[in-house]
Amino acid sequence: MIKTTTETKITATASSSSNNQDNSKKPPIKQGAQNISQGFPTPFPVPTSFASVYHHRKWMLEHMAGAFRVFARKGYNEGGAGHISLRDPEDPNTFWINPLNIHFGLLKASDMVRVDEEGNVIGGNQVAVNAAGFKIHSALHKARPDVNAACHTHSIYGKAWSCFGKPVEMLNQDSCTFHGCQAVYTDFGGVVLESEEGEKIAEALGEQNKVVILQNHGLLTTGETIDEAAYRFTLLENTCHAQLLADSNLNFKKNFIADEQAAYTREMVGDSETLYGDFQNDYLMEVKLCNGDFLFPEDYDLETIK
């Protein structure tokens, strides 16, 4: 279910721009965290096996809660808005989502709610979830079997950039992560309380894209793991911030990264394994800052996580 490395060949041609590198002689790319790790293997490989499905759920729900804590510290909480979903490892037709109206900074692994395709609470914390969140995430998980996790919040720079209804531009190295894998949903229909709206958002995401900018709404990112989806969200939010700053200066001409170089950069550092590792910086810092209070207690009965 989790891919670690993929062979991908990028055909690059020389750019006419004098300040762009010629990537035409670069070898085929082997995606993975080995591209950013020198001397020893990456310190944070993506876990691929667990002692039981209960251990798997424990791990993923702790990382889900950690993502909410990171989002809270970055200021993404906005009333009852914002949600993360995570496909269940045993029954992929069900998923976990956060409870309604609980601040991201208070959420624990044990707070997460498991719902089925109809929105019935079938496990975990027996409380209400965000109706709009269910509609969006349910449609995404149905349409994209490869999407195990999805993140959406009403972050300030994502909201600001979304009003233009445009993808982010290739202005810097980090924005290249979104080259060729971002979509824009322009048909804003108000709060997503109808299944049809969620289905339209899933359709806009398409078959291959990793993120969708919801016009007049905000950002939504996906991943094979919650860590990947969460890091992709923070990176997109920061990219929107940088884009807005760049656009605010009308006295200078923006220089864009050419498609060949942007595609090469995305393939080098924008894969699932690398983004998973990148998120561990924030996750482990959050564990330290809050003394791990969002984790399951050591003596927790894992078989109750269902």
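Rings of Phe, Tyr and Trp, the last taken by its six-membered ring, pair if their centres lie within 6.5 Å. The model discussed here is predicted. By this rule, the count comes to 10 aromatic pairs.

One of these pairs is formed by Trp59 and Tyr276. Their ring centres are 6.5 Å apart and their planes stand at 35°, so the pair is tilted. Trp59 and Tyr276 are each buried.

Another pair brings together Tyr76 and Phe233. Here the ring centres lie 5.5 Å apart and the planes meet at 55°, so this pair is tilted as well. It too links distant parts of the chain, as Tyr76 belongs to the loop between helix 1 and strand 3 (83-87), while Phe233 belongs to helix 5 (residues 226-247), 157 residues apart. Tyr76 and Phe233 are both buried.

Trp59 and Tyr276 also belong to a group: together with Phe50 they form one aromatic cluster.

The cysteines come next. A disulfide is a covalent bond between the sulfur atoms of two cysteines. A search of the whole structure finds 0 disulfides. Are Cys176 and Cys181 buried or exposed? Buried means under 20% relative accessible area. Cys176 has 1% relative accessibility, so Cys176 counts as buried. Cys181, at 7% relative accessibility, therefore counts as buried too.

Conventions: Residues are numbered from 1 along each chain as its sequence is written. This is a predicted model: local features need pLDDT of at least 70, side-chain atom pairs count only at pLDDT 80 or more; totals for chains, interfaces and linings use all residues. Side-chain values use heavy atoms; hydrogens and water are left out. A disulfide is a pair of cysteine sulfur atoms within 2.5 Å. Buried means under 20% relative accessible area, exposed over 50%, partly exposed in between (1.4 Å probe, protein chains only). Rings of Phe, Tyr and Trp (its six-membered ring) pair if their centres lie within 6.5 Å; planes under 30 degrees apart count as stacked, over 60 as edge-to-face and the rest as tilted. Helices (H or I, at least four residues) and strands (E, at least two) are DSSP runs, numbered from the N terminus.
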